[in-house]
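Here is a short note for someone opening this structure for the first time. Please keep the sequence and the 3D view side by side while reading.

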Amino acid sequence: MKIAVLGAGKMGISFSRSFLKFELIKPENLHLITRRKENIQQLEQQFPGSKVSDFLGVSTVDADLIIVAIKPQDFQFVAENLKFRLNESQMILSIMAGIKIKKIQHLFNHKKVVRAMPNSPTLLGMGITGYTAAKGISFVDLMQIERFLNSTGRSVYLENENLLDGVTALSGSGPAYFYYIVDAMIKAGTEMGIEKNLAELFVKQTMLGAYHLMNTSDKSLEELIKDVASKGGTTEAALQTFEENRLKDSLKKGILAAERRSKDLSE
Ligand SMILES: NC(=O)C1=CN([C@@H]2O[C@H](COP(=O)(O)OP(=O)(O)OC[C@H]3O[C@@H](n4cnc5c(N)ncnc54)[C@H](O)[C@@H]3O)[C@@H](O)[C@H]2O)C=CC1
Ligand SMILES: O=C(O)[C@@H]1CCC=N1
């Protein structure tokens, strides 16, 4: 299997690293395509043995799978300025947020398209990816793609492409929501006079411990909250303030805004 990665940014690089780490491909079967010629040398050092080209200078791509890891906003330019030909048997795997399979097929004039939405923990092999495929893609082809996706974490096939907007809003963007909450907690810690590095330790270990408790417990989230919040105690005081400020509603609204943005990106 030969793979080309169009867009050697954060996600393109973490996918490439996973494939190499789990020996799903040999370095010589990886071809990275970057926007700028100036990046070629650095990428060649990062990926010894792999091929690196710049987008406007590449006239042939000898790959079974081409991963499109550019920003959705750059897609139109890329589709209109492709200097290499896609042959019928090549598979396109797009991880661009929002851009629908139909649009990718149309702009690339190519049928074999799989669309996936990973998230940033793919870098550690701890990501989760939702994916779906154009009609007519064989089960064998899909399983091969899933094998690659699984080297970056877990993956879930979705029959309905529209659900990918929700997956984007939930798990694609999700790590950022988590960091946002962690950041607010750390800032509260420093405001209460706890040194920043200590506040970070308290918060990160709390998140880690709470995550494992949630993941191993038979209790519902409501029950787990009740276990912490003593009647008339400190947690109750915090939760009451969150409720008064409609924090849960606000978080939900934000996630639905991300879903809407994903839907808009294809237009
Ligand atoms: N960052 C994240 O957590 C996630 C990102 N995604 C999707 O992955 C895609 C990439 O995102 P990131 O890696 O975060 O962005 P990034 O900005 O780090 O990477 C995009 C790369 O594409 C390159 N590029 C742009 N035009 C190009 C061209 N004509 N030829 C070759 N390369 C070109 C840019 O130079 C950049 O290196 C986006 O479509 C995004 O929606 C999906 C899930 C999670
Ligand atoms: O924010 C974005 O548009 C991309 C998609 C999911 C995570 N990052």
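1. Start with the overall layout. The model is predicted. Its domain assignment gives domain 1 (3-160) and domain 2 (174-265). The C-alpha centres of domain 1 and domain 2 lie 34 Å apart.

2. Next, look at where the domains touch. Domain 1 puts seven residues into the contact, and domain 2 puts in five. On the domain 1 side, four of the residues are nonpolar and three are polar. None on that side is charged.

3. Then inspect a helix pair. Helix α7 (residues 174-191) packs with helix α8 (residues 196-216) at an angle of about 140 degrees. Their axes are 9 Å apart. The two helices are therefore oblique to each other. The crossing of α7 past α8 is right-handed.

4. Finally, see which side chains to display for this pair. From α7, the contact has V182, M185, I186, G189 and T190. From α8, they meet K196, A199, E200, F202, V203 and M207. By class, this contact of α7 with α8 has seven nonpolar residues, two polar and two charged.

Notes: Residues are numbered from 1 along each chain as its sequence is written. Chains are lettered from A and ligands numbered from 1 in the order in which they are written. This is a predicted model: local features need pLDDT of at least 70, side-chain atom pairs count only at pLDDT 80 or more; totals for chains, interfaces and linings use all residues. Domain bounds come from an automatic or database domain assignment. Two residues are in contact if their C-beta atoms, placed from the backbone, lie within 7 Å. Ala, Val, Leu, Ile, Met, Phe, Trp, Tyr, Cys and Pro count as nonpolar, Asp, Glu, Lys and Arg as charged, and the others, Gly among them, as polar. Axes are lines fitted to C-alpha atoms, for helices over the stretch in contact, and angles run from 0 to 180 degrees between N-to-C directions. Helices (H or I, at least four residues) and strands (E, at least two) are DSSP runs, numbered from the N terminus. Angles under 35 degrees count as roughly parallel, over 145 as roughly antiparallel, 65 to 115 as roughly perpendicular and the rest as oblique. A crossing is left-handed if the near helix is turned anticlockwise from the far one by less than a right angle, and right-handed if clockwise.
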